[in-house]
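Hello,

I am passing a structure on to you. Please open it first, then read the notes below.

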Amino acid sequence: MKKVFLIAAMALFGFSVQAQDQDQSGFKLGLNVQLPVGDASDVSSFGLGLDAAYMFEVSDQFDLGVATGFSNVFGKTIDAGEFEIEIDDFQYIPLAAAARYNATEEFSVGADLGYAIGINDGNDGGFYYKPTVGYMLSEGTQLNLSYVGISVNDFTYSTINLGVLFSL
């Protein structure tokens, strides 16, 4: 039931998109690669993700919006002497508010804050935060470097991400 609700929410998000000028506002879609850090690096090797956002221009330099996506961080196989332990993949869908400050025409900084909904068994999700720095490669194409933290109880699942984001 939870997966049906998430798919419906993603579909509604997708259908609400309208065309925008080639400024920083509008619909964004991107891909990223993820490197687990901290405790997450003990149980995960790398990850792949899809990013989607819709940004509204508040001023010439400031945008607000919503962000979502999907991430799959691949679990490791841990050698425990006489046997191996295979760690499950960590999958989540973030639902977040997004803010971006366009420092120059090329550079932006910002953050996403919200909740990461756990998709795989045993993953309840948690508080989601994603500080990010963006660099415009060309009109409509941005390179992003970000850190993702998902706080669950006394554990934070963290990755460093490198991605490309396209304005549609």
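Here is what was found, taken topic by topic.

This is a predicted model, in which local features need pLDDT of at least 70, side-chain atom pairs count only at pLDDT 80 or more, and totals for chains, interfaces and linings use all residues. Residues are numbered from 1 along each chain as its sequence is written, and side-chain values use heavy atoms, with hydrogens and water left out.

Cavities. There are three of 30 Å³ or more. A cavity is a set of points, on a 1 Å grid over the protein atoms alone, where a 1.4 Å probe fits but cannot get out. Grid points are joined across faces, edges and corners, and a volume is the space filled by probe spheres set on the points. The largest cavity comes to about 360 Å³. Its lining has 31 residues, and Arg100, Asp112, Lys130, Asn144 and Leu165 are the closest to the centre. Lining residues have an atom within 4 Å of a point. Among the elements that give two or more residues to this lining are β1 (26-37), β6 (90-102) and β10 (155-167). Strands are DSSP runs (E, at least two residues), numbered from the N terminus. By class, 12 lining residues are nonpolar, 13 polar and six charged. Here Ala, Val, Leu, Ile, Met, Phe, Trp, Tyr, Cys and Pro count as nonpolar, Asp, Glu, Lys and Arg as charged, and the others, Gly among them, as polar.

Nonpolar core. The largest one has 10 residues, including Val73, Phe90, Ile150 and Tyr157. Such a core is a set of buried Ala, Val, Leu, Ile, Met, Phe, Trp, Tyr and Cys residues joined through side-chain atoms within 4.5 Å. β6 gives the largest share, three residues. Phe90 touches Val73, Asn120, Asn123, Ile150 and Tyr157, among others (heavy atoms within 4.5 Å; residues up to four places away in sequence not counted).

Two asparagines. Asn123 sits in the loop between β7 and β8. Asn123 counts as buried because its relative accessibility is 7%; buried means under 20%, exposed over 50%, partly exposed in between (1.4 Å probe, protein chains only). The Asn123 side chain reaches the backbone oxygen of Gln91 at 2.9 Å. A polar contact of 3.0 Å joins the side chains of Asn123 and Asn120. That term means a pair of N or O atoms within 3.5 Å; within protein, one must be able to donate a hydrogen and the other to accept it, and residues adjacent in sequence count only if both atoms are side-chain atoms.

Asn153 lies in the loop between β9 and β10. Asn153 counts as exposed because its relative accessibility is 78%. Asn153 has a positive phi of about 55 degrees, although it is not a glycine.

Best wishes

Technical notes
1 Å grid on protein atoms, 1.4 Å probe; cavity = no way out; pocket = protein on both sides within 12 Å on 5 of 7 lines; lining within 4 Å. Helix = DSSP H or I, 4+ residues; strand = E, 2+ residues; numbered from the N terminus.
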